[in-house]
Amino acid sequence: MKTYKIFGIATAVIGILTVFTLESCSTEQVTAYKNKSGAQLWGENCIRCHNTPSPAAYNDTDWTTISLHMRIRANLSKEQSEKIFDFIKSAN
């Protein structure tokens, strides 16, 4: 019985936190982030963890693998990852 009560309370707390988190993401913030170019996303996201290598440092095949890996590691959306990859290919 105690387990169900604790589980119910935890579920309610998580639900409330989710609502507040979703409300804090304003439409303007999401739109501004979606309007960024691949070069901007490249500069802002990649530099958080390491120095950004030159796009010419790797070929397109290598960048494909790197972009798949870094999409997961950097928690990027598919759209963001594609914009960054398109920028890298154009600069390569």
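S81 sits in helix 5, which spans residues 78-91, in a model that is predicted. The chain holds 5 helices and 0 strands, and its elements follow the order α-α-α-α-α from the N terminus. Of the 92 residues in the chain, 16% are buried. Among contacts with a separation of 6 or more, 56% join residues 24 or more positions apart.

- Leaving aside residues up to four places away in sequence, S81 touches S67, R71 and L76.
- Two of these partners, S67 and R71, have numbers that fall within helix 4 (60-73).

**Salt bridges**

- The count of salt bridges in the model is 2.
- One of them pairs the side chains of E44 and K36, with 2.8 Å from N to O.
- E44 has a relative accessibility of 37%, so this residue counts as partly exposed.
- The other pairs K83 with E79, whose closest N and O atoms are 3.9 Å apart; this pair qualifies because the cut-off is within 4 Å.
- K83 and E79 are 4 residues apart in helix 5, which means that about one helical turn separates them.

**The largest pocket**

- The largest pocket contains about 320 Å³ of space.
- Its lining is made up of 20 residues, and those closest to the centre of the pocket are C46, H50, I66, M70 and A74.
- Helix 3 (38-46), helix 4 (60-73) and helix 5 are the elements that each give two or more residues to this lining.
- Helix 4 provides the largest share of the lining, with 6 residues.
- By residue class, the lining of the largest pocket consists of 13 nonpolar, 4 polar and 3 charged residues.
- Such spaces can be found because rolling a probe the size of a water molecule over the atoms shows where empty space is left.

**Cysteines**

- The number of disulfides in the model is 0.
- C46, which is among the residues closest to the centre of the largest pocket, is in no disulfide, and the nearest cysteine sulfur to its own is that of C49, 8.8 Å away.
- Seen from C49, the closest cysteine sulfur is in C46, and the 8.8 Å between them is too far for a bond, because a disulfide needs the two sulfur atoms within 2.5 Å.
- A disulfide is a covalent bond between the sulfur atoms of two cysteines.
- C46 is buried, with a relative accessible area of 18%, whereas C49 is exposed, with a relative accessible area of 70%.

**Points to take away**

- Helix 5 holds S81, contains both K83 and E79, and also gives two or more residues to the lining of the largest pocket.

Terms used: Residues numbered from 1 in each chain as written. Predicted model: local features only at pLDDT ≥ 70, side-chain atom pairs only at ≥ 80, totals over all residues. Heavy atoms only, no water. Contact = heavy atoms within 4.5 Å. Buried < 20%, exposed > 50% of the residue type's maximum accessible area, 1.4 Å probe, protein only. 1 Å grid on protein atoms, 1.4 Å probe; cavity = no way out; pocket = protein on both sides within 12 Å on 5 of 7 lines; lining within 4 Å. Points joined across faces, edges and corners; volume = space filled by probe spheres on them. Nonpolar A, V, L, I, M, F, W, Y, C, P; charged D, E, K, R; others polar.
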